[in-house]
Amino acid sequence: MIFDMSLQLSTEIVGLLFLVAVVAGFIDAIAGGGGLLTIPALLWVGLPPATALATNKLQACGGSFFASFYFIRKGMVDIKKMKFAIGCTFIGSALGSIAIQSIDPSILEVILPFLILAIGGYFLFSKQITDEDKHQLLTPTLFAITAAFGIGLYDGFFGPGTGSFFALAFVSLAGFGLAKATAHAKVLNFATNIASLLFFALGGKVLWALGGIMLVGQALGATLGSRLVLSKGVKIIKPLMVTMSIAMSLKLLFA
């Protein structure tokens with residue numbers, strides 16, 4: 001048995017959660033939306049909602065970190081050029097995590113499914129989405145203080161679809177090709193995950209043992225998914241991005 005906060009989980013259940021984390025990490029590295037698998041799985045085994053969200057952030061840090069590390073090591077991301085955007089994203093996520101404790105997020109629950117569905121439609125129908133860089137609309141500094149900060153704020157406040165929002169921002173505002181946008185999105189997503197995890201940890205909501213096991217699974221899946229991003233590019237990212245956008249929208253509409 002694994003014992004966490006009076007919750008007993010059998011070895012089989014923990015093994016199943018590990019496998020769910022592997023699949024979620026694989027999907028997250030390519031298109032985002034892995035939380036569609038891990039959060040319901042954590043709730044299914046009996047975790048309270050706040051604990052499930054907190055533990056999910058811990059295991060998600062593993063996936064986003066190893067995906068980011070792989071992309072940086074392969075030269076897809078220049079981390080020195082990303083420092084300001086990472087800082088803005090982290091601050092935004094921290095402020096969002098504070099805001100969620102005093103503001104009702106119900107309005108986002110109404111409009112968010114349609115926003116994510118719109119993202120899926122953009123990736124599906126836009127002929128401009130390729131692996132080639134295009135003309136950027138925002139300078140890196142302006143991108144950091146607007147898109148990076150804003151999406152970070154959203155992730156700390158609510159969360160679903162953050163990876164898709166980052167990818168869309170990099171494609172449409174920074175002029176990145178889809179594979180490059182996906183790589184940079186994972187770096188900023190890691191920053192938002194860390195910020196949210198810190199606030200959940202301060203609240204004592206994280207199951208560290210279970211989250212740590214799932215983190216290893218996320219890391220494995222993320223590494224495999226990241227390799228496909230580099231080898232297959234838009235051929236695999238685009239259809240999976242559309243599929244996950246539709247899945248997230250349906251989950252939010254009918255939850």
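What is the volume of the second largest pocket? In this predicted model, the second largest pocket has a volume of about 310 Å³. Residues are numbered from 1 along each chain as its sequence is written, and side-chain values use heavy atoms, with hydrogens and water left out. As the model is a prediction, local features need pLDDT of at least 70 and side-chain atom pairs count only at pLDDT 80 or more, whereas totals for chains, interfaces and linings use all residues.

Pockets and cavities were searched on a 1 Å grid over the protein atoms alone: a pocket is an open set of points with protein on both sides within 12 Å along at least five of seven lines, a cavity is a set of points where a 1.4 Å probe fits but cannot get out, and lining residues have an atom within 4 Å of a point. Grid points are joined across faces, edges and corners, and a volume is the space filled by probe spheres set on the points. The second largest pocket is lined by 19 residues, and K81, M82, P140, F176 and H184 lie nearest its centre. At least two lining residues are supplied by each of α4 (79-99), α6 and α8, where helices are DSSP runs (H or I, at least four residues) numbered from the N terminus, and strands are runs of E of at least two residues. The lining of this second largest pocket comprises 12 nonpolar, 4 polar and 3 charged residues; Ala, Val, Leu, Ile, Met, Phe, Trp, Tyr, Cys and Pro count as nonpolar, Asp, Glu, Lys and Arg as charged, and the others, Gly among them, as polar.

The largest pocket has a volume of about 1200 Å³. Its lining consists of 46 residues, of which I39, L53, F158, G159 and P160 are the closest to the centre. Two or more lining residues come from each of α2 (35-44), α3 (49-73), α6 (140-157), α7 (162-172), α8 (178-202) and α10 (234-254), and the largest share, 9 residues, belongs to α3. By class, the lining of the largest pocket holds 18 nonpolar, 21 polar and 7 charged residues. Helix α2 also contains L43, which is partly exposed at 39% relative accessibility (buried means under 20% relative accessible area, exposed over 50%, and partly exposed in between, with a 1.4 Å probe and protein chains only).

About 50 Å³ of space lies in the largest cavity. Its lining is formed by D28, A29, I30, A31, G32, G163, A167, T182, A185, K186 and M241, and α1 (11-30), α7 and α8 each give two or more of these residues. The lining of the largest cavity divides into 6 nonpolar, 3 polar and 2 charged residues. F166 is also placed in helix α7 and is buried, with a relative accessible area of 0%. F166 lies 7.0 Å from I151, C-alpha to C-alpha, and the two are 15 residues apart in sequence.

The whole structure contains 7 aromatic pairs (rings of Phe, Tyr and Trp, the last by its six-membered ring, with centres within 6.5 Å; planes under 30 degrees apart count as stacked, over 60 as edge-to-face and the rest as tilted). One of them is the edge-to-face pair of Y70 and F71, at 6.3 Å centre to centre and 70 degrees between the planes; both Y70 and F71 are buried. The rings of F170 and F176 are stacked because their centres are 5.2 Å apart and their planes lie at 10 degrees. F170 is buried at 2% relative accessible area, and F176 is buried at 16%. K180 lies over the face of F176, 4.4 Å from the ring centre (a charge sits over a ring if NZ of Lys or CZ of Arg is within 6 Å of the ring centre and within 35 degrees of the ring normal). A single aromatic cluster is formed by F65, F66, F69 and F190.
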